[in-house]
Amino acid sequence: MAKKINISQLRSKLRQIESKQRQAMNKYNNAVRQHNARLRANRQRIINELNRLQSRTTVRYQVLHTSTVSLNRSYQSLEKREQEFENIPFGNQFLDLSEKENANSLSVSNALESDEPQTNAGNDGDLVSTSITDELSEISPDLDSRWKGALFSLSPMNPDASRHFCTSAREIFIQILDHFAPDTDVLTRFPQCEKTDKGQPTRRWKIKHILVNSGIVSEEAVEFVDEDITNVLQLFRVFNDGTHGSAGRFEFSQLRAIKERVESGIVYLTTICKNA
C-alpha cells in the first residue's frame, strides 16, 4: 500500500529536490568556469610565449627551437580537429592536456634562450620536489625510484648531473610506452606498422596503439604526442651538449624549468596511457 503524505510533506520533498538540483547545477557551472579559465590562461600563455620566441634575433639552441616550433605547429593542426574529440570520453581532456604541453614547451625554450638575468633564489630541495605523485609508482615502483634518483642527481654541484638525469628520464619514457604498448600487442593490431632495426614497432606506432585504446584515432593526435616526446628528448640533448656533462652552466631557474618540462611530459604521457 502506497504511503500517504500530506501537502506540507510534499512541498518539503520538492524543496529538497530543487535544492539538490541547484547544488548540482552550481557544481557543474563552477567546473565549467574553472575549465574555461584554464583554457584562457593556457591560450594566452601560448600567445605570449610564442611571441617571445618569434621575436628572438639569435637562437642559442637551434635544435630545441626547431622542435618547439614544430610542436606548436602540430598543436595547431590538432586544434583544428577539435570537434572530432567532443564525443570521445577522454577527448576534451586530451586536448586540454595537449594545449598545456604546448605552452610548457614554449615556456622552457624561452627560459633557456633568455639573456635576461635569472632569478637564482632556491636550493637543491626545489629541484628534488616534484608534481608527480603516484603516476609512476602505479605502473612500477622501479619507475618511481628512477625518477626520484634522477631528481637527486639534478644539482649544480653534481658534475655528472646532466647524464644521470637525462639517462634516467629517457628510460622512464621508454618503459611507460613498453608497459602500455607491448610489442606483441602493437604488432597484432598493426602487423604492417613501421619497425625499428630490431623488428620492434616504432615509438609512433606504440603511441597510436595507446591512443586507439583510449578511443582516439586521429593522426593529428598521434603526431602531437610523438612530437611532444621528441621535444623532451631534444631538451635532454640541450642539457647534455650545452653543459658538456655538467649542470653548472644553467641557473637554478633554468634547471627548474628543465625539470618541470620533463615531469609535465611524464604526467601527460601517463595520463593518456591510463585512460586507454
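Trainee: How many disulfides does the structure hold?

Mentor: The structure holds zero disulfides, a disulfide being a pair of cysteine sulfur atoms within 2.5 Å. Bear in mind that this is a predicted model, in which local features need pLDDT of at least 70 and side-chain atom pairs count only at pLDDT 80 or more, whereas totals for chains, interfaces and linings use all residues. Residues are numbered from 1 along each chain as its sequence is written, and side-chain values use heavy atoms, with hydrogens and water left out.

Trainee: Why is Cys193 called buried, and what makes Cys273 buried?

Mentor: The term buried means under 20% relative accessible area, exposed means over 50%, and partly exposed lies in between, with a 1.4 Å probe and protein chains only. Cys193 has 4% relative accessibility and therefore counts as buried, and Cys273, at 2%, counts as buried too.

Trainee: What makes Ser109 buried, and which residues does Ser109 touch?

Mentor: Ser109 has a relative accessible area of 1%, which is why it is called buried. Ser109 lies in helix α3, where helices (H or I, at least four residues) and strands (E, at least two) are DSSP runs numbered from the N terminus. Not counting residues up to four places away in sequence, Ser109 touches Leu53, Leu64, His65 and Thr68, contact meaning heavy atoms within 4.5 Å.

Trainee: Why is Asp126 called partly exposed?

Mentor: Asp126 has a relative accessible area of 29%, so the label is partly exposed. Asp126 has its place in helix α4, residues 124-128, and its C-alpha atom is separated by 9.7 Å from that of Leu151, a residue 25 places away along the chain.

Trainee: What makes a set of residues a nonpolar core, and how many residues has the largest one?

Mentor: A nonpolar core is a set of buried Ala, Val, Leu, Ile, Met, Phe, Trp, Tyr and Cys residues joined through side-chain atoms within 4.5 Å. The largest has 58 residues, and among those with the most contacts inside it are Phe94, Trp147, Phe165 and Leu211. Helices that each supply at least two residues of this core include α2 (62-80), α3 (91-113), α9 (219-243) and α10 (252-274). Apart from it lies another core, of five residues, among them Ile46, Leu50, Leu53 and Ala103. In soluble globular proteins, nonpolar side chains tend to be buried together.

Trainee: How do you know that Arg204 and Glu219 meet in a salt bridge?

Mentor: A salt bridge is a side-chain nitrogen of Lys or Arg within 4 Å of a carboxyl oxygen of Asp or Glu, and for the side chains of Arg204 and Glu219 the N to O distance is 3.9 Å. This pair links distant parts of the chain, with Arg204 in helix α8 and Glu219 in helix α9, 15 residues apart. Arg204 also forms a salt bridge with Glu223, whose closest N and O atoms are 2.7 Å apart, and another with Asp226, at 3.9 Å. Asp226 lies in helix α9 and Arg204 in helix α8, so that pair ties together parts 22 residues apart in sequence.

Trainee: Why is the pair of Phe85 and Phe94 called stacked?

Mentor: Rings of Phe, Tyr and Trp (its six-membered ring) pair if their centres lie within 6.5 Å, and planes under 30 degrees apart count as stacked, over 60 as edge-to-face and the rest as tilted. By this rule the count comes to nine aromatic pairs. The rings of Phe85 and Phe94 have centres 5.9 Å apart and planes at 20°, so the pair is stacked. Phe90 and Phe94, at 6.2 Å centre to centre and 55° between the planes, form a tilted pair. Ring pairs link Tyr75, Phe85, Phe90, Phe94, Phe224 and Tyr268 into a cluster.
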